[in-house]
Amino acid sequence: MAKKIQQVSTREILALLLLAAACFAVLVAAVARDESPDWKYYQQEFRTIVAENLGSVEPSQVPRGVQQIWVEELGRVDRCTTCHQGVLWRGLEQVEQPWKTHPSLELFKDHPVDEYGCTVCHGGQGFALTEIEAHGYGPHWEEPLLSQAIASEYDAVRPPPLVEIGCNYCHRYERSTPGMEYVNHGKELVRAKGCKICHVINGEGGRLGPDLTYEGSKQPHGFDFSNLATNLPSVLSWHVAHFKSPTTVVPDSIMPEMNFQTRDALALSMLVMSWRDHSDLPRKYIPGIELHDEMTPEEVERDRRMREGDGAFFVEKSCFVCHSIEAFEIQSPTNKGPDLSWAPEDVRNRFGKTVEEFLFEPTGTMKIILESQIVLTDEEKWEVIGKITKAYDIVKNREDD
């Protein structure tokens, strides 16, 4: 049975040949790229830099091929030194990245690179071998390189050293750590502003706000960026904006505005982002003996006084988050509300009510607080009235004297 066979034109044959040639070219390019990755170029340049700056070094002393650090205890595989070969070489402080000497070589005395690797402090994707992926800028990687490029978005003149976020992963319980200017400042603010009054931090604190002990382990999908006025939303930018103005980022937040400046907000943001889950971190990586925040004897004594006597009730109920009580030596970290020692006069002047009437029929902000955050029984309200009356008598007698 005969069939009519359609003739293939010369033009169609030429098109097929061109398509096959293009596919072959793509295949060759892919193979060539695989055979000559970027890290080979960086290593070749490093050998030239070493020869120019350290002429006495034998070429055989310069490592070749993929360099890998495996820190079994931390579960990390880092190949960063494949490109950053000059990290431990003295004399290359003035060359550019990725070949220059590490700016703080003294750190390696207590942090040997083979026991810590790179990414535990610097972030990034340690086992990657291309720049974009190794620096953690690829999709689905939540730990980008804590670089000056990111930091300059917050302060172009004096970019904050974001690497301190990684450092404080281990040093979180130290009161102050040399070389960690921003995180140390954040720790001072936490103590000065009494953040533990509302938040549990390292297992201690109040319950008015969320537990911040492992805030740094919270993934981006756990944040609401809808109220963040920025084209580059990130966990860091969320924290910075939230510390500056809590209700702007979280409209129903009861956190008072603390008047933090940009440096304060950055320091606190870096601090809370360093509070990652460290349950798998071997004990030897955590400096100190006791796993809790250090307190000075003065702070211990002040805390004891505040939690004893007539003022203890207001501390226990977290009233002193906003209110000082001069009569009982209770000092609020925020002073957002009036001193409760003078409440009988203040309530009468502002609301035309007695303290009793106001507590049982509050208005404004106090209505929200007493109905949702600090819910008191009738018995507790009468206890408050008695203590406030006593505090008022104390300050009036002092005034008369």
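Modeller: The buried residues of α9 are covered by elements that include α10 (246–249) and α11 (262–274); contact here means heavy atoms within 4.5 Å. Helices are DSSP runs of H or I with at least four residues, numbered from the N terminus. This is a predicted model, in which local features need pLDDT of at least 70 and side-chain atom pairs count only at pLDDT 80 or more, while totals for chains, interfaces and linings use all residues. Residues are numbered from 1 along each chain as its sequence is written, and side-chain values use heavy atoms, with hydrogens and water left out.

Buried means under 20% relative accessible area, exposed over 50%, and partly exposed in between (1.4 Å probe, protein chains only). The buried residues of α9 are V235, L236, S237, W238, H239, V240, H242 and F243.

As for the rings, the whole structure holds 13 aromatic pairs. In the pair of Y41 and Y42, the ring centres lie 5.5 Å apart and the planes meet at 55 degrees, so this pair is tilted. Rings of Phe, Tyr and Trp (its six-membered ring) pair if their centres lie within 6.5 Å; planes under 30 degrees apart count as stacked, over 60 as edge-to-face and the rest as tilted. Y41 is partly exposed at 45% relative accessible area, whereas Y42 is buried at 17%. Ring pairs join Y41, Y42 and W99 into a cluster.

Technical notes:
Helix = DSSP H or I, 4+ residues; strand = E, 2+ residues; numbered from the N terminus.
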